[in-house]
Amino acid sequence: MEDLKDIKPQQSIELLKALHILTRDGRMNQDSRRKLKQVYHLYQLIEPYLEKALAMNPHFTLVDHGAGKSYLGFILYDLFLKEKGGELYAIEHRSELIEKALALAKTLKFDRMHFFASDIKNSLEDSSLPNKVDIVTALHACDTATDDAIYFGLKKEAQYMVLIPCCQAEVSKTLRSEKSDQLKYTLSELWRHPIHTREFGSHLTNVLRCLLLEGMGYKVTVTELVGWEHSMKNELILAENIHQPKKIALDRLEEILATCHLESLKSRFLPII
């Protein structure tokens with residue numbers, strides 16, 4: 001069928017229907033074609049990490065935080081883990097989404113997908129999760145949830161992390177609350193206007209996250225996921241642990257916090273690992 005020519009041969013049609021990428025009668029429309037293109041683009045970016053993890057450990061583990069409907073987890077399992085191996089753990093605090101995802105996994109016989117109704121912080125204490133994981137993903141984890149996912153990855157000694165931050169508010173809120181004391185500094189012009197406070201705070205948050213990862217030994221790549229016409233929450237952070245900690249990155253992180261008068265957030269961006 002012409003509609004299905006762009007679908008990868010190993011892809012489950014039933015899964016694509018369940019994810020509403022295909023209609024119930026197995027066809028595609030313009031919106032579903034756009035979604036599929038985005039899914040495959042993201043998969044293309046993650047696949048090298050999956051291959052490396054598999055080469056190092058045939059039973060590698062991937063933890064997907066803030067999984068939502070486990071959209072990403074199902075695609076990764078269907079295209080890669082299903083045939084090649086590995087265990088996938090999807091963590092989502094909304095239990096109703098976990099129940100639906102679990103039912104779909106059973107229907108598709110995706111036996112190595114595991115689902116946990118938990119938030120990221122509590123998942124660190126969950127003894128049913130592996131002590132060490134190979135890959136951590138967190139797509140559109142709102143506000144500080146991305147930082148929690150990074151902390152989870154560091155504590156679990158993850159070899160790879162794939163992060164799409166979303167709705168970062170903590171830094172902007174702190175900049176805003178202390179603005180009256182900061183206006184005597186020339187640098188505060190970067191965030192004096194409310195729209196700049198939001199944009200600068202969002203940008204600065206991701207800069208600090210990247211510095212933390214580099215400081216802890218990761219090689220970091222920052223790119224865009226899709227074109228700006230599709231989403232403003234577009235930044236993709238890819239991190240690979242090359243075991244080369246950079247003290248200068250942590251020093252610069254701390255200096256930025258001091259320069260922007262964000263010392264109150266030090267425990268967020270310089271956690272004790």
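**Exercise 1. Determine how α9 passes α10: left-handed or right-handed?**

Solution. Step 1: take the handedness. α9 passes α10 in a left-handed crossing. A crossing is left-handed if the near helix is turned anticlockwise from the far one by less than a right angle, and right-handed if clockwise.

Step 2: place the elements. Helix α10 covers residues 247–259, and α9 covers residues 194–215. Helices (H or I, at least four residues) and strands (E, at least two) are DSSP runs, numbered from the N terminus.

Step 3: take the geometry. The α9 and α10 axes lie 8 Å apart, at an angle of about 150°. α9 is therefore roughly antiparallel to α10. Axes are lines fitted to C-alpha atoms, for helices over the stretch in contact, and angles run from 0 to 180 degrees between N-to-C directions. Angles under 35 degrees count as roughly parallel, over 145 as roughly antiparallel, 65 to 115 as roughly perpendicular and the rest as oblique.

Step 4: list the contact. From α9 come Leu204, Val207, Leu208, Leu211, Leu212, Glu214 and Gly215; from α10 come Ala249, Leu250, Arg252, Leu253, Ile256 and Leu257. Contact means heavy atoms within 4.5 Å.

The model is predicted: local features need pLDDT of at least 70, side-chain atom pairs count only at pLDDT 80 or more, and totals for chains, interfaces and linings use all residues. Residues are numbered from 1 along each chain as its sequence is written, and side-chain values use heavy atoms, with hydrogens and water left out.

**Exercise 2. Find how α6 and α7 are each set against α9.**

Solution. Step 1: α6. Helix α6 (residues 145–155) packs on α9 at about 5°, with the axes 11 Å apart. That makes α6 roughly parallel to α9. Thr146, Asp147, Ile150 and Leu154 of α6 meet Arg209, Leu212 and Leu213 of α9.

Step 2: α7. The axes of helix α7 (residues 170–177) and α9 come within 7 Å and cross at roughly 130°. α7 and α9 are therefore oblique to each other. The crossing is right-handed. Val171, Ser172, Leu175 and Arg176 of α7 make the contact, with partners in α9 including Thr197, Phe200 and Leu204.

**Exercise 3. Decide whether Thr197 is buried or exposed, and find what its side chain reaches.**

Solution. Step 1: Thr197 lies in α9. Step 2: its relative accessibility is 0%, so Thr197 is buried. Buried means under 20% relative accessible area, exposed over 50%, partly exposed in between (1.4 Å probe, protein chains only). Step 3: the Thr197 side chain reaches the backbone oxygen of Trp191 at 2.6 Å.

**Exercise 4. Classify His65, Ile7 and Ala18 by accessibility.**

Solution. Step 1: His65 sits in strand β1 (residues 61–65). At 0% relative accessible area, His65 is buried. Leaving aside neighbours within four places in sequence, His65 contacts include Ile91, Ile120, Val136 and Phe152.

Step 2: Ile7 is in the segment before α1 (13–18). At 11%, Ile7 counts as buried. Not counting residues up to four places away in sequence, Ile7 touches Ile13, Leu16, Leu22, Met28, Leu36 and Tyr40.

Step 3: Ala18 is in α1. At 34%, Ala18 is partly exposed. Ala18 and Leu104 are 86 residues apart in sequence, with C-alpha atoms 8.0 Å apart.

**Exercise 5. Find where the pLDDT is below 50.**

Solution. Step 1: the protein averages a pLDDT of 90, and 94% of the residues score at least 70. pLDDT is the predictor's confidence in each residue, from 0 to 100. Step 2: residues 227–231 are below 50. This stretch has five contacts in the model beyond near neighbours in sequence. Step 3: where pLDDT is low, the predicted coordinates should not be read in detail.

Notes. A polar contact is a pair of N or O atoms within 3.5 Å; within protein, one must be able to donate a hydrogen and the other to accept it, and residues adjacent in sequence count only if both atoms are side-chain atoms.
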